[in-house]
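This short report describes part of a protein chain, beginning with a sheet and its helices and ending with the domains. Please look at the structure before reading on.

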Amino acid sequence: MQDFINIGKRIPKMDAEEKVTGKAIYIHDLKVPGMLYGKILYSPHPHAKILRIDTSEAERLPGVRAVLTGYNTPPIKFGFYKDNPPLKANKVRSYRDEVAAVAAIDPDIAEDALNLIRVEYEILPAIFDPEEAMKEGAPLIHEEHLGGKEKKPTNVLNLPWRLIAGDVDEARKNSDYVAEDRFKVTWVAHCCLGTSGCVAQFDLKNNLTMYSNTQIPSLAQKDYLDALSAMGLQGKKARVIKAMIGGGFGSKLDTYAYEYIAILLAHKTRKPVKIIFSREEEFFATSPRQPAIIHIAQGCTKDGKLTFRDIRMTLDNGAYTSWGATTPSVMMMPISSLYKVPNVRYVAKCVYTNNTWSQAMRGYGNPQATFAIDSQIDILAEMAGIDPLDFRMRNANTPGEVTPQNFRINTCGLRECIDVVAQKLDWRQNRGRRDGRGIGMASMIHVGGGARVYKSDGCGTIIKIDDFGTVNVITGATDMGQGADTVIAQIVAEELGVRVEDVVVTHTDTDICPWDVGAHASRTTFVAGNSARGAAKKVKEQLLEVAAKSLGENPENLDIRDRTIFSKNDPEKKSPLGKILRAAHYAAGGKMVMAEHFYDPPNENLDKEFKGNLSVTYAYGTHGVEVEVDKETGQVKILKYIAAHDVGRAINPMLLEGQVYGGATMGIGYALTERLILQDGKVMNPNFLDYKMLTAKDVPNIEPIVVETDDQFGPFGAKGIGEPGLVPTAPAIANAIYDAVGVRIKDLPITPEKVLAALKEKK
Amino acid sequence: MGKQTLSFTLNGEPIQIEVEPHLTLLQVLRDKLEFTGTKEGCGMGECGACTVLLNGKTVNSCIFPALEVEGKSVTTIEGLTDGQGNLHSIQKAFIEYGAIQCGFCTPGMVLSAKALLDENTKPTEEEIRHGIAGNLCRCTGYLQIIQAIKEASEQ
């Protein structure tokens, strides 16, 4: 193992002191002089025609500066499918449809004004079940939306997700055992503690500054520019400045109606406009994780070799389309490449309904698919009479493999992960007791070396060093609490031979920071890390060249360690970094030491068949859990939780463990307690009393196990770890429950009611 | 609605302010006094992000009527560092043990921990979990927070 100074160290997060003292400024805390407050009026119906809107009374309320509707604003369309206007005219399609918006001098006046807006509706028949919505004659959500070969009006989106590898039908015929099941997963919410918000501001020339908490500053900037064009402001500039982000988890991976509404209000009033969501809005008007109905079949031979995997999915798209509609492209990853499975078929449909519309959430479809796949692995193993541990080992992925989706697996620690989980759970001893206690495991694959979802998967970094050795790293990356700032500082410090405290990371302003595709796909450590390392190498070359002259030594004989440049041949030849920098700067024809580097990983966009090496490397992991199920109440208690992850290398074990703890806890909520309850399209539990995320009393002790495979492409060997922690959680728990009491729950969350009902049915 | 005079001690300093009687303590702290370290996570007393100490005990300031603090002592996160800017041992432990990610729950969490440790200098893990059960955190899974509080209690 290399002798690292900064890599592999438990270094506290760079902004921790600001946050722990309450000095960090979140979007909620931000005030801009002259600022107005915006509020949004939502639809009271899930599907209705708008007959008339009367805003005159609201406009007359003292303190109101603007009232906007879909009838007096330009035709902006946003979202992945461009089917969503910020303010709706003619028709509403869900309870979260924005009908009008107000800007006023204080939030209470804005709220009062909303109550003065009169809207007349004609209620339309609504549809909330995606399978029903696919049928002929179902109410149409978007009448103008045409699909299929005949280009007929339909609720089925023109997103034909279809991955075929090998011959599933033939493989099925030749399988000794085939399991066939239907799984169901529902909406869950991100529950960022800081709610959504922004401040939009125009200068005198109509250039926009957006104070935002986005995870995708460069893509959001592009979205805002498109909106400016639609507003007749072509050629104007958009600048995105990030405040401290109060939680992301994928929720800020798209732009939303409220942002465009703030822009429209700011443009109309010529004043900065701030919109901050209430917690209730956060629950019903932001986009949760996609629900899905999953039909799955898998087969194996007598000796437990997987033969095929065949999955058909229906996804409730809700009333509009965000990037969330593309989660099937990520679901393909575990479907094709979790365990070795030679024949794969996956077909998914996204269907409009009058429900809320979904978005990215940590794992981006992977937890949904993995729940079905790895629950069924246990079912199949039982049919074949093989211990599920042995079954997994027999089919585990290995380095050098090319999967049916053409993923090239270089490093792969899956077997090590399965093995360590089995040891920790004392698998052979504890499996199969059926006495109310049980153990289970499940595994995962995720992109670990970026993900080429867009045409570029790149990130830029600029580094400059001042006369005293302070290293300014200006990165495209986004820190939303996960620790990108700190990991980048560690990588740069290691490369440059300085200390982490010498490094200042700037990542908050699109006018300053280079382009980056965003904090998604667990890509920041890998992509932004490689980018930062590349820039640091260039800076180091410059430093050594400058030092070579003053030290009378060849640059290749020089190195930097702990802020000192020294000769590897003659330790007496050395100089403090600052002295070299000043000498370079103040010489005749002087020079500043700075460099830029853009790293775009050598990964591939999926082709028309949805195949290609999406990521440079892949992250694997296995979770193991021991549960106790109360047969009287159906309550599931987690007694032991092991989370083993192949992370390539832990740049910062403490922050990495934080990702695993947080991910697994979110996953346990997904498995057992969390669900956004929609009744006829209306969110019935838009508060933390009724939406059950885990508290400090509920979370079990989680033991993270770090497996280091030192990936040749990763920065110092690292892979991504942002999402993996919650991917295999639900199937691991479901498998443990089955081992404990012999009931198989295929529908999340696994509530005590469902366990009790299944126990009753079993009797 | 007429304003009323409210006098109380904020982080050890006496303060007098005219407030509308319907305001919550959180509104007075954040909007009137610009003590933005106290966060609003839900506005309904359910998430604990707005936790402050009132005469040493935790309250959810987002549902606590401002006028009720008349004559009492309020401690916010801004009051936890000493005059020289030195951090409280709980704050140091939060930093050192990775108990902070996005940080939005952190001020409330730290104050709940302080109220706990002021009352019970050597809490068990169960008591720590109970002590912060009213403070939701979505990032950390709580475990590093629990560890930080344990470490702080041992100093």
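Which strands of chain A does helix H3 (residues 107–115) lie across? In this predicted model, helix H3 of chain A lies across strand E1 (36–42), strand E3 and strand E5 (98–104) of chain A. The direction of H3 is at about 25 degrees to E1(A). Another helix, H6 (residues 217–230) of chain A, packs on the sheet and touches strands E12 (208–212) and E13 of chain A. Between the directions of H6 and E13(A) the angle is about 140 degrees.

The sheet is open and has 7 strands in chain A, in the order E3-E5-E1-E14-E11-E12-E13, with mixed pairing. Strand E3 (64–69) and strand E13 (238–242) of chain A each have a single partner strand, so one side of each is left without a neighbour in the sheet. On average, neighbouring strands of this sheet are turned by 20 degrees against each other, direction ignored.

One pairing is antiparallel: E11 (residues 197–202) and E14 (residues 273–276) of chain A are joined over 4 bridges. Here Ala200(A) has Val273(A) in E14(A) as its bridge partner.

The domain assignment of chain A is as follows.

| Domain of chain A | Residues |
|---|---|
| domain 1 | 16–23 + 458–599 |
| domain 2 | 31–124 + 196–276 |
| domain 3 | 292–452 + 606–762 |

The centres of domain 1 and domain 3 of chain A, taken over C-alpha atoms, are separated by 38 Å. Their contact takes 17 residues from domain 1 of chain A and 22 residues from domain 3 of chain A. On the side of domain 1 that touches domain 3, the elements giving two or more residues are helix H14 (484–496) and helix H15 (524–551) of chain A. H15(A) gives the largest share of that side, 6 residues. The residues of this side of domain 1 divide into 5 nonpolar, 9 polar and 3 charged.

Conventions
Residues are numbered from 1 along each chain as its sequence is written. Chains are lettered from A and ligands numbered from 1 in the order in which they are written. This is a predicted model: local features need pLDDT of at least 70, side-chain atom pairs count only at pLDDT 80 or more; totals for chains, interfaces and linings use all residues. Two strands pair if DSSP finds at least two bridges between them. Axes are lines fitted to C-alpha atoms, for helices over the stretch in contact, and angles run from 0 to 180 degrees between N-to-C directions. Two residues are in contact if their C-beta atoms, placed from the backbone, lie within 7 Å. Domain bounds come from an automatic or database domain assignment. Ala, Val, Leu, Ile, Met, Phe, Trp, Tyr, Cys and Pro count as nonpolar, Asp, Glu, Lys and Arg as charged, and the others, Gly among them, as polar.
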